[in-house]
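Subject: Structure handover

Hello,

Please find the structure below. My notes on it follow.

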Amino acid sequence: MSALSGIEASGLGQAMRQWLWLYPAVETIHITGIALLFGSIAVLDLRLLGFSRNIPVKKLSLHVLPWTAGAFLLIVPSGLAMFIAHASEFIGNPVFAIKMCLILAAGINAAVFHTGVLRRAASWDVDVMPPLAARAAAAISLLVWMSVIACGRLLAYF
């Protein structure tokens, strides 16, 4: 028995496949988390692209980041549960690999932004166009997260 078969044969893997409402319930939690995640990230990214310049970036980031973190508390366990149900299929799916790489890229983009550009926000926080580095990070973030969502949806078709 391979490791993936063992994961799928676990109690959770079997329950996810056999209980009529469990997989759809977990998927609903996952999609709710995605909406919260993308919504909170999009609000900040749109601000960084120059919209609503009267709202301080630092203040907005402190407001939305707890929502982003909370969304991960929904997404990670629900995504893991769905993976456990069909681990062999997901591992062999190139769209799944792309999705995981995109999530990693989004994380790296966010880490670079938060440890670099955002720390210097005092000089451009209100009523000015954010610097190119902030706008680039925001555009990359929106593009990558939309691609993650698209890959998640495409998993059903590949």
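The lining of the second largest pocket divides into 13 nonpolar residues, six polar and one charged. In these classes Ala, Val, Leu, Ile, Met, Phe, Trp, Tyr, Cys and Pro are nonpolar, Asp, Glu, Lys and Arg are charged, and the others, Gly among them, are polar. This is a predicted model, in which local features need pLDDT of at least 70 and side-chain atom pairs count only at pLDDT 80 or more, while totals for chains, interfaces and linings use all residues. Residues are numbered from 1 along each chain as its sequence is written, and side-chain values use heavy atoms, with hydrogens and water left out.

The second largest pocket has a volume of about 290 Å³. A pocket here is an open set of points on a 1 Å grid over the protein atoms alone, where a 1.4 Å probe fits, with protein on both sides within 12 Å along at least five of seven lines; lining residues have an atom within 4 Å of a point. Points are joined across faces, edges and corners, and the volume is the space filled by probe spheres set on them. Of the 20 lining residues, Ile41, Ala110, His114, Ser141 and Trp145 lie nearest the centre of this second pocket. Helix 3, helix 4, helix 6 and helix 7 each supply at least two residues of its lining, and helix 6 gives the largest share, seven residues. Helices (H or I, at least four residues) and strands (E, at least two) are DSSP runs numbered from the N terminus.

The largest pocket holds about 860 Å³ of space. Its lining has 30 residues, and His30, Met82, Lys99, Gly152 and Leu155 are the closest to its centre. By class, the lining of the largest pocket has 21 nonpolar, five polar and four charged residues. At least two lining residues each come from helix 3 (22–48), helix 4 (57–85), helix 5 (87–91), helix 6 (94–115) and helix 7 (132–154).

On the fold: the protein chain has seven helices and zero strands. Its C-alpha trace spans about 60 × 25 × 25 Å along the principal axes.

Now the helix packing. Helix 6 and helix 7 pack at an angle of about 160°, with axes 9 Å apart; axes are lines fitted to C-alpha atoms, for helices over the stretch in contact, and angles run from 0 to 180 degrees between N-to-C directions. Helix 6 and helix 7 are therefore roughly antiparallel (angles under 35 degrees count as roughly parallel, over 145 as roughly antiparallel, 65 to 115 as roughly perpendicular and the rest as oblique). The contact of helix 6 with helix 7 comprises 14 nonpolar, four polar and one charged residues. Among the residues that meet there are Lys99 and Phe113 in helix 6, and Ser141, Trp145 and Gly152 in helix 7; contact means heavy atoms within 4.5 Å.

Helix 3 and helix 4 pack at about 155°, with their axes 7 Å apart. This pair is therefore roughly antiparallel too, and the contact of helix 3 with helix 4 has 21 nonpolar, eight polar and two charged residues.

Helix 2 (residues 11–18) packs against helix 4 at an angle of about 85°, with the axes 8 Å apart. That makes helix 2 roughly perpendicular to helix 4. Leu12, Gly13, Met16 and Arg17 in helix 2 meet Ala81, Met82, Ile84 and Ala85 in helix 4.

Regards
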